[in-house]
Amino acid sequence: MEKIKVKETDEQKARSVAIIEAEPDMLKFYNGSSETGKQILRLFVLLDEATQVKALEMMRESGGTNE
């Protein structure tokens, strides 16, 4: 599997963590995730709803993820 590096700005991280902390279930999931899983979730919550739906459909079609 090829590793992909994603640069995340401090502003992006702060915005996404605020979104995650506002939802207790999401925060519980976030706290139990690996560092890679946390980064994926932080970036995912910043996507618009249509893009989130597309991403979830693609994951479902490809057999899901480990997170």
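Student: Let's start with Lys7: is Lys7 buried or exposed?

Tutor: Quick background: this is a predicted model, where local features need pLDDT of at least 70 and side-chain atom pairs count only at pLDDT 80 or more, while totals for chains, interfaces and linings use all residues. Residues are numbered from 1 along each chain as its sequence is written, and side-chain values use heavy atoms, with hydrogens and water left out. Buried means under 20% relative accessible area, exposed over 50%, and partly exposed in between, using a 1.4 Å probe and protein chains only. Lys7 has 80% relative accessibility, so Lys7 is exposed.

Student: Where does Lys7 lie?

Tutor: Helices here are DSSP runs (H or I, at least four residues; strands are E, at least two), numbered from the N terminus. Lys7 lies in the segment before helix 1.

Student: How far apart in space are Lys7 and Asp48?

Tutor: Along the sequence, 41 residues separate Lys7 and Asp48. For Lys7 and Pro24, 17 residues apart along the chain, the C-alpha separation is 26 Å. Going C-alpha to C-alpha from Lys7 to Asp48, the value is 19 Å.

Student: How many helices are there in the protein?

Tutor: From the N terminus on, the elements run α-α-α-α. There are zero strands, and the number of helices is four.

Student: At what angle do helix 1 and helix 3 pack?

Tutor: Axes are lines fitted to C-alpha atoms, for helices over the stretch in contact, and angles run from 0 to 180 degrees between N-to-C directions. Under 35 degrees counts as roughly parallel, over 145 as roughly antiparallel, 65 to 115 as roughly perpendicular and the rest as oblique. Helix 1 and helix 3 are therefore roughly perpendicular to each other. Their axes are 8 Å apart, and the angle is about 90°.

Student: Which residues of helix 2 make the contact with helix 1?

Tutor: The axes of helix 1 and helix 2 cross at roughly 120° and come within 7 Å, which makes helix 1 oblique to helix 2. Contact means heavy atoms within 4.5 Å. Helix 1 brings Val17, Ile20 and Glu21, and helix 2 brings Met26, Leu27 and Tyr30.

Student: Which residues make up the largest nonpolar core?

Tutor: A nonpolar core is a set of buried Ala, Val, Leu, Ile, Met, Phe, Trp, Tyr and Cys residues joined through side-chain atoms within 4.5 Å. Tyr30 touches several residues, including Lys38 and Arg42, not counting residues up to four places away in sequence. The five residues of the core are Val17, Ile20, Tyr30, Leu41 and Val45.

Student: And Lys38: buried or exposed?

Tutor: Lys38 is found in helix 3. Not counting residues up to four places away in sequence, Lys38 touches Tyr30, Asn31 and Ser33. At 15% relative accessibility, Lys38 counts as buried.
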